[in-house]
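Colleague: I'm new to this one. Could you walk me through how to read it?

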Amino acid sequence: MSFPWANQYAPKNPFMKWMDERLPLPRLVYNAVGAGYPVPRNLNYFWNFGVLAGAALGIQIITGIILAMHYAANGAIAFDSVEHIMRDVNSGWMLRYAHATGASFFFIVVYLHIFRGLYYGSYKAPREMVWLLGLVIYLLMMATGFMGYVLPWGQMSFWGAKVITGLFSAIPVVGTPIQTWLLGGFAPDNAALNRFFSLHYLLPFVIAGVIILHIWALHIPGSSNPTGIEVKGPQDTLPFHPYYTAKDGFGLGVFLILYTLVLFYAPNALGHPDNYIPANPLSTPAHIVPEWYYWPFYAILRAFTSDFILPAKLWGVLAMFSAILLLFILPWLDKSPVRSGNYRPAFKKFFWLLVADVLVLGYCGGSPAEEPYVMISQLAAAYYFAHFLIILPIVSRMERPLPLPNSITEAVLEKHGEATA
Amino acid sequence: MATLEHTESPGHGTEDGVRRRDFINIAAVSFPVAGAAAILVPLINQMNPSADVLALASIEVDLSAIKEGQAIKTIFRKQPLFVRHLTAAEIADADKVDVTTLRDPQTLEQRTSAGKKQWLITMGVCTHLGCVPLGAGEGENRGEFGGYFCPCHGSSYDTAARIRKGPAPKNLEVPKYAFKSDTVVAVG
Ligand code: HEM
Ligand code: FES
């Protein structure tokens, strides 16, 4: 599916012709990420993050498969096998740091990718399915990252596993049996470690599969763009290759520089020192925190401290899951026909407030469960829900958007004129 | 059989309109569905605790070395167990509380063995999300109510290990146990 003016695949080389008639894989690639895929000509650098997320997944899969060659998923030796990777395996320290830092960078680019979608209204028709599949990928990533963090079997691994599986025990009646079922025991132990390893190996490939669906769904209407208006004709687009392969290649270079800077100069900056203490079921670390990428949700979980009809614990769990599930109905909460935040003055202000709110939640989620953090989390969690359930539907009805340009090309030329004037 | 098909026309089946072919369709689909559901049972059940995990050893705890005001941490079913020798003041504190005001209403009496009110034996597993509360070790923070304090999300338990403040919904669990003598207790 593409615009009628897309370049047509025409193999010149006889071998490629022969291949095209038998297995048209090169044709598929040409039409998906080659010269056969027309893309709006005005994409900015925020459109790089999808490709960067794909690159990050590639890094995780390659380094992960290598780690799995040296790692042992057994409670008695898991911690030592990770130390063995760090000290004895050739370049093991680098590969492990590449995997641990890679997980953080994967989340950084995915968060930027998600907020790009929120700002430019990419979740709106006709791209709802792209958005929904993206959220599925995000949920799978959270599960994968959580199970990966358990594997080194340090203190944070163990207690993280206990606290996160403990979330399920909040479900009335069946909660505790579910937790026991997930762990294969009454507390995290060998059974849990083994199944987490099995699933941690599997899920990235499931993610890769969902990414294919995500891109398939994207390529039906094609990419949106910073103006949010539709492509009207050939003058509005450029072929993906070489224009966007070059732009994405540049972005990838910047990403790799930042990634390797952290990897080589501050590999433990994003991790928790307690995970270098072997798991001890009898001693809880003074302050259990998950990896930084879960902090905003962790803050919402802890924001509920007193019972109201339901126990506080169940409220916390429900709120935490709803905070993510809410995003699944976002395309139907924001009714504004204008996509891009650039033309929505009121929406734009609330968008940045939401960004600030999520950062505040993240900060509180990484802090101890004490005042003032609990109170701040409560306010910020309330605002988070209000943003999506109250503010967004109202703003999308009341707001008077700025005039939209007539076409992408007009917008580009206008901007260019301004820039040179 | 094949000839029967020819003569059949729509609506020409049994009384209630169910034709032979519909029946075969339903049967052909439901049989494998039932089979698949049956296969799911072992696939799901394998994740439940295995026999070795379930073979729970019961343990015996020697109380003679635990002085008044002291507590020990030991392991029961791979989870921490708190055994605490309450002081008279702690018992009085626990009894003073109006039980109806509690989140999980229980008296100290109900949570201890008859005539052995000074021995508070509970799991050391916070009923919120399962951290080990502080307070059993020497010099650890016992929280606002003098019992146990869970550092994870700030649950405070009193001297009967009842939940008093914070997100945990229940009192610390009291496992099954029996006194074998004045100084030995069998848990499990
Ligand atoms: C979605 C992609 C992935 C993410 C987000 C991810 C995340 C993580 C994280 C956060 C850790 C803990 C790192 C640490 O603190 O040491 C980890 C460990 C590990 N991962 Fe992955 N991972 C991914 C893909 C993979 C793949 C495809 C494999 C292949 C089998 C793999 C194998 C491992 C192994 C063996 C460990 C334990 C060694 C260690 O702790 O360094 N991972 N993963
Ligand atoms: S686990 Fe104890 S307060 Fe959350």
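Colleague: Let's take helix H5 of chain A: what should its 28 residues span, and how far apart are its end C-alpha atoms?

Modeller: Keep in mind that this is a predicted model. At 1.5 Å a residue, helix H5 (residues 92-119) of chain A should span 40 Å, and its end C-alpha atoms are 40 Å apart, so the two agree. Just after H5(A), A:Gly121 has a positive phi of about 65°.

Colleague: How many of the residues of H5(A) are buried?

Modeller: We call a residue buried when its relative accessible area is under 20%. In H5(A) that goes for 21 of 28 residues, so by that cut-off the helix is mostly covered. A:His99 is one case: buried, with a relative accessible area of 15%.

Colleague: Which protein donors does the iron atom of ligand 1 have?

Modeller: A:His99 and A:His200, each through NE2, lying 1.9 Å from the iron atom. A:His99 lies in helix H5 and A:His200 in helix H9 (residues 190-219) of chain A, so the pair ties together parts 101 residues apart in sequence. A:His200 is buried too, at 15% relative accessible area.

Colleague: Now for A:Thr284: is it buried or exposed?

Modeller: Buried, at 9% relative accessibility. A:Thr284 sits in the loop between helices H10 (240-265) and H11 (295-302) of chain A. Its side chain reaches the backbone nitrogen of B:Val132 at 2.6 Å. Beyond its neighbours within four places in sequence, A:Thr284 has contacts including A:Trp159 and B:Cys152.

Notes: Residues numbered from 1 in each chain as written. Chains lettered and ligands numbered in written order. Predicted model: local features only at pLDDT ≥ 70, side-chain atom pairs only at ≥ 80, totals over all residues. Heavy atoms only, no water. Helix = DSSP H or I, 4+ residues; strand = E, 2+ residues; numbered from the N terminus. Expected span 1.5 Å × (residues − 1). Buried < 20%, exposed > 50% of the residue type's maximum accessible area, 1.4 Å probe, protein only. Donors = N, O, S within 2.8 Å, 3.2 Å for Na, K, Ca; no water. Polar contact = N/O pair within 3.5 Å; in protein donor to acceptor, adjacent residues only side chain to side chain. Contact = heavy atoms within 4.5 Å.
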